[in-house]
Amino acid sequence: MTKQQAITLQEGVTFVYMVTIQQFTFNPFYENTYVLSDETGACVIIDPGCHVADEEQELDAYIVKNNLRPEHLLLTHGHVDHIFGLDEVRRYNALMRAPIPVYADEPTWEQLERIYRHILFREHNVNSSFVADLLPNRVRHGDTVDLHGLRATAMNLWHGRQPLLGGRVAGEGD
């Protein structure tokens, strides 16, 4: 799905851009991963749920085919099906030659710190293996995150009995 957005840079100057949303369904739990991208090639990956090599290759193929740069990750909650592929973002570190900012709420970061200690506390790893290089960003209800002209406003939602981080993504003026 592609949506046109407009940003007013200054009075009388408006920049129009397109946002493309691509959905993938991954892993045995049929989790939805989303890639939001714009015409510059910058993209945001929401809930990287890739579980097996075929799924990782499907996501990578889409990113390469569309000449995208994964510049942000958003995690809605810490269920394993939504974070299976977090370790595999190291491929994007190599592509970007930079750490990738990751946005999640406090309960999700607590789970990530238990599950992905080798990534988030890699100074304690025995080997200096190639792991994802992430920039943790803790987000709370009402916080606004700028994603290359898209504004994501965090809001608390429910997934069964578990709270999760949802959001409204909009261009300036929306």
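Ala, Val, Leu, Ile, Met, Phe, Trp, Tyr, Cys and Pro count here as nonpolar, Asp, Glu, Lys and Arg as charged, and the others, Gly among them, as polar. The views below show a predicted model.

**View 1. The lining of the largest pocket.** The residues that line the largest pocket divide into 11 nonpolar, 6 polar and 1 charged. The volume of this pocket is about 340 Å³. Its lining has 18 residues, and those closest to the centre of the pocket are Ile-46, Thr-76, Leu-165, Gly-166 and Gly-167. Two or more lining residues come from each of strand 3, strand 9 (150-159) and strand 10. Strand 10 gives the most to the lining, with 4 residues.

**View 2. Gly-167 in strand 10.** Gly-167 belongs to strand 10, which covers residues 162-171. Gly-167 is also among the residues closest to the centre of the largest pocket. Not counting residues up to four places away in sequence, Gly-167 touches Thr-153, Ala-154 and Met-155. Val-145 is 22 residues from Gly-167 along the chain, and the C-alpha atoms of these two residues are separated by 10.0 Å.

**View 3. Strand 4 and its covered faces.** In a regular strand, side chains alternate between the two faces of the sheet. In strand 4, Ala-42, Val-44 and Ile-46 lie on one side, Cys-43 and Ile-45 lie on the other, and all of these residues are buried. Because 5 of the 5 residues of strand 4 (residues 42-46) are buried, this strand is largely enclosed by the rest of the structure.

**View 4. The strands that pair with strand 4.** Strand 3 and strand 4 run antiparallel and are joined by 4 bridges. Ser-37 has Cys-43 in strand 4 as its bridge partner. The two strands form a hairpin with 3 residues between them, and Gly-41 in the turn has a positive phi of about 100°. Strand 4 and strand 5 (residues 69-74) run parallel, with 5 bridges joining them. Here Ala-42 stands opposite Arg-69 in strand 5.

**View 5. Asn-27 in a loop.** Asn-27 is located in the loop between strand 2 (13-26) and strand 3 (31-38). Is Asn-27 buried or exposed? Asn-27 counts as buried because its relative accessibility is 6%, and the limit for buried is under 20%. A polar atom of the Asn-27 side chain lies 2.9 Å from the backbone oxygen of Gly-49. Leaving aside neighbours within four places in sequence, Asn-27 is in contact with Gly-49, His-51, Glu-55, Asp-81 and Phe-84.

How values were computed. Residues are numbered from 1 along each chain as its sequence is written. This is a predicted model: local features need pLDDT of at least 70, side-chain atom pairs count only at pLDDT 80 or more; totals for chains, interfaces and linings use all residues. Side-chain values use heavy atoms; hydrogens and water are left out. Contact means heavy atoms within 4.5 Å. Buried means under 20% relative accessible area, exposed over 50%, partly exposed in between (1.4 Å probe, protein chains only). A polar contact is a pair of N or O atoms within 3.5 Å; within protein, one must be able to donate a hydrogen and the other to accept it, and residues adjacent in sequence count only if both atoms are side-chain atoms. On a 1 Å grid over the protein atoms alone, a cavity is a set of points where a 1.4 Å probe fits but cannot get out, and a pocket is an open set with protein on both sides within 12 Å along at least five of seven lines; lining residues have an atom within 4 Å of a point. Grid points are joined across faces, edges and corners, and a volume is the space filled by probe spheres set on the points. Two strands pair if DSSP finds at least two bridges between them.
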